[in-house]
2 protein chains.
Amino acid sequence: MAKDPIRILVTGAAGNSFSLITLISYFLLIGQIGYALVPMIARGVMLGPDQPVILHMLDIEPAMEALNGVKMELIDAAFPLLKGVVATTDAVEACKDVDIAIMVGGFPRKEGMERKDVMSKNVSIYKAQASALEKHAAPNCKVLVVANPANTNALILKEFAPSIPEKNISCLTRLDHNRALGQISERLNVDVSYVKNVIIWGNHSSTQYPDVNHATVITGSGEKSVKELVADDQWLKTEFITTVQQRGAAIIKARKLSSALSAASAACDHIRDWVLGTPKGTWVSMGVYSDGSYGIPSGLIYSFPVTCEKGEWSIVKGLKIDEFSREKMDATANELIEEKSLAHSCVN
Amino acid sequence: MAKDPIRILVTGAAGNSFSLITLISYFLLIGQIGYALVPMIARGVMLGPDQPVILHMLDIEPAMEALNGVKMELIDAAFPLLKGVVATTDAVEACKDVDIAIMVGGFPRKEGMERKDVMSKNVSIYKAQASALEKHAAPNCKVLVVANPANTNALILKEFAPSIPEKNISCLTRLDHNRALGQISERLNVDVSYVKNVIIWGNHSSTQYPDVNHATVITGSGEKSVKELVADDQWLKTEFITTVQQRGAAIIKARKLSSALSAASAACDHIRDWVLGTPKGTWVSMGVYSDGSYGIPSGLIYSFPVTCEKGEWSIVKGLKIDEFSREKMDATANELIEEKSLAHSCVN
């Protein structure tokens, strides 16, 4: 029997930050991620080839015509799994009964803007959307925040949607996680599907800590440690880390546009693993509420290694943390504490 | 056992026609189609979830940095099926051993340009790429031309690659086909996956003829004729046809950008059905060499209803053509004859 459709909200779905609309005004859209994401969802990339979906797309008023264009294209693609499309500028209509919410819309930092100004814009966006989600989404709605500052936007969302359980709120660090896998795969010249258990700790920002101390490569003769295979601690502690941390900027430099296909793909991976589970023996990175594990203050949304089963994530416990890692993990936690207090100062 | 990877060429893969590069100069790129297409291919949308692929991406020199950015993002997405990426401006390197070639790159018509000038640019592009494909692609390489004028670009490609069999050359009208399915689905308020056997006849241009005389809808009590269900011949003969014919322009009006996600999705559908076969009792539309069927002059690349099996398409024969259809089919054939002679005049 056919499964019931799952309703998925994507905010910022019109996604053409390069259009005239956004060249002349500062708005919600943060690039092409939404536009790259919706066909992946409609094709079953996120939830599997037998799971029908209904897409809810929310954008701001000036993007409404473009959003309708995206809806037209979704109809034109005749996706068999796509059972409906809601395209709206009304947060209440957008959030109605959604099972999954992917928050791509946000206010990007532009040249000359103060960090506090950007935070303030995002606080007001996430405050409004939180309250629509809390009141109108399906009871067990899972939320993924993609828009920067992702960890802190997720925190704000949760604070203004107190009845949504903490375990249902997350932010995207899977893109960083996948970038780390990709860098190791390139360095060792092995298939990326054989590399596993890298970790992104902390903030989805340039203070994040990509950690391969527990990562392995599946080889013909069993799993081998990435550290041993790379055999270049210096590279792992410097170039590897900065490459992953600054990959977003490198993409912008090359494309003159921020990462879209890789971010959309990572969002699919994040939700798929969360809903359908991680493979046995494999963990992934997700920004989730700290429970105090690894000495990270609770009350922060911090990227941890997690495994998922039956729609719930659990932080991987008991990994050995050396001094080098400790420092990096604390530095990115400190940035999150600062961001949190900046966000709170914007609320008041 | 794991399958051997299939090599797929995508031309115009950097896909950012909106970047400064192309705002200030006229080049190969025709928009975001290539950028939307490559992640779909790498995710298994085109050839299935168990078929590894190697992506070959070709673009022009000024797009090389952006193309490298796309390659970086493909690495960053850690696609398990993606076994390699070739990003190059060298047609020979790009075409080397490819099993499938998707020609998205072309020279778009800009305001103030004469049709002949555009044709002339495309003739020179397709002439060069034809010869690289003929010499360096895998022996049974299948070619799909997406770039406009798609039918005639495909014709030129074949003329300059005489050893590639006619049956291996096609152009994209699946987007128009899917648009027709979508319009019927919307009109009848039925799931698009239950609508089948619309036909796009002729040129991938505004003279194309979207025909529902043989289309059906799968219902609880068997297949029913679309004509009978719609029960509005006037709509089918006017608004339906013009909506499909002019859908591309409507998307540009709404998005301020041409169709990308729906075009990329249609390209995946086209290749998937060609390689893996059409479902029993279902045909699709493909631009292919006319064998004289339905009185369409042979030597034209014309969109027909086709079924596919074992990697080969066959034109569906024996459909009854009424007078209304006959006229429309001839009109679009005449346009193709004209385009062909215009193209030939550019060659000389």
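## A buried arginine

In this predicted model, A:Arg179 is found in helix 7 (residues 174-188) of chain A, where helices are DSSP runs of H or I with at least four residues, strands are runs of E with at least two, and both are numbered from the N terminus. A:Arg179 has a relative accessibility of 5% and therefore counts as buried, a word that stands for under 20% relative accessible area, with exposed meaning over 50% and partly exposed in between (1.4 Å probe, protein chains only).

Apart from its neighbours within four places in sequence, A:Arg179 is in contact with A:Val244, A:Arg247, A:Gly248 and A:Ser259, and also with B:Asp76 of the other chain; contact here means heavy atoms within 4.5 Å.

## The interface

The contact draws 49 residues from chain B and 49 residues from chain A. Between them the chains bury about 4,200 Å², 59% of it on carbon and sulfur atoms, buried area being the accessible area (1.4 Å probe) that two parts lose on being put together, summed over both. Of the area that chain B buries against chain A, 17% comes from B:Arg43, B:Asp76 and B:Leu261, more than from any other three residues.

Twelve salt bridges are counted between chain B and chain A, each a side-chain nitrogen of Lys or Arg within 4 Å of a carboxyl oxygen of Asp or Glu. One of them joins A:Lys83 to B:Asp191, with the closest N and O atoms 2.7 Å apart. On the side of chain B that touches chain A, helix 3 of chain B gives the most, with nine residues. The residues of that side divide into 26 nonpolar, nine polar and 14 charged, where Ala, Val, Leu, Ile, Met, Phe, Trp, Tyr, Cys and Pro count as nonpolar, Asp, Glu, Lys and Arg as charged, and the others, Gly among them, as polar.

## Symmetry

Chain B can be laid on chain A with an RMSD of 0.0 Å by a turn of 180° and a shift of 0.0 Å along the axis, the superposition being by least squares on the C-alpha atoms of residues with pLDDT of at least 70 in both copies. The two copies are thus related as by a two-fold rotation axis. In chain B, the C-alpha nearest the axis belongs to B:Ala36, 3.3 Å from it.

## Conventions

Residues are numbered from 1 along each chain as its sequence is written, and chains are lettered from A and ligands numbered from 1 in the order in which they are written. Local features need pLDDT of at least 70 and side-chain atom pairs count only at pLDDT 80 or more, while totals for chains, interfaces and linings use all residues, and side-chain values use heavy atoms, with hydrogens and water left out.
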